[in-house]
Amino acid sequence: MGNASHEMQTPLAVCSNRLETLMEDESLSEQQLTELAKTHQTLEYLSKLNKTLLLLSKIDNNQFLNKTELNINSLVSKISQDYAEVYAYKNISLEIKELGQLQVVMDETIAGVLINNLLKNSYVHNAAGGAVVIEVYTSKLIIMNTSDYAALDSDLIFDRFYQGTKKEGSTGLGLALISSIVKAENLRINYFYRNDMHGFEINFKK
């Protein structure tokens, strides 16, 4: 899968660039431009999906071995601020409870992907005017979010392409990516639903 995904990335990029060039043609009708824009959006989705599959393949094959000591509190603070700004239009409140300093030994790229996907999930599947609550302990990280939807199927939630509710532009691989990282790093993850909030708890200490 990894080799196939790698080979696909270049032609996808070439097609996307060609479409962007075509869309600059001022002789195009509004309908033609609309159709080209739709095709470009589809290609962008395919490229995103392909990159995620490539990353999954690298994780499954243990290709991220540059491990170093990291502070999860700092990573959470940095990444959560980025998402709070991007999704400010949804008026989602963010609360970070630092109940301990979480020091881990991991590849920095992998740790970033893990937290990034957990936070992205909590915002993408949140409700307008909702909330994201993050709790950092000395041995675990918990991220919770409100939503318009009830509990997910805990038996299927980490399967690739499973989505409790389809979101436009979502590849359906975010939680599968999280699951792959957890397995590769010998961590433990638990999904729960309580007090009308979806939550993911990751235990970093073996």
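Asn71 is found in strand β1, which covers residues 67-71, a strand being a DSSP run of E with at least two residues, numbered from the N terminus. The model is predicted, so local features need pLDDT of at least 70 and side-chain atom pairs count only at pLDDT 80 or more, while totals for chains, interfaces and linings use all residues. Residues are numbered from 1 along each chain as its sequence is written, and side-chain values use heavy atoms, with hydrogens and water left out.

With a relative accessible area of 18%, Asn71 is buried (under 20%, with a 1.4 Å probe and protein chains only). Leaving aside residues up to four places away in sequence, Asn71 touches Gln101, Leu102 and Gln103, where contact means heavy atoms within 4.5 Å. The side chains of Asn71 and Gln103 are joined by a polar contact of 2.5 Å (a pair of N or O atoms within 3.5 Å, one able to donate a hydrogen and the other to accept it; residues adjacent in sequence count only if both atoms are side-chain atoms). A polar atom of the Asn71 side chain also lies 3.2 Å from the backbone nitrogen of Asn73.

## Packing of α3 and α4

Helix α3 (residues 72-86) packs with helix α4 (residues 108-124) at an angle of about 40°, and their axes are 10 Å apart. Helices are DSSP runs of H or I with at least four residues, and axes are lines fitted to C-alpha atoms over the stretch in contact, with angles running from 0 to 180 degrees between N-to-C directions. The two helices are therefore oblique to each other, since angles under 35 degrees count as roughly parallel, over 145 as roughly antiparallel, 65 to 115 as roughly perpendicular and the rest as oblique.

Notes: Buried < 20%, exposed > 50% of the residue type's maximum accessible area, 1.4 Å probe, protein only.
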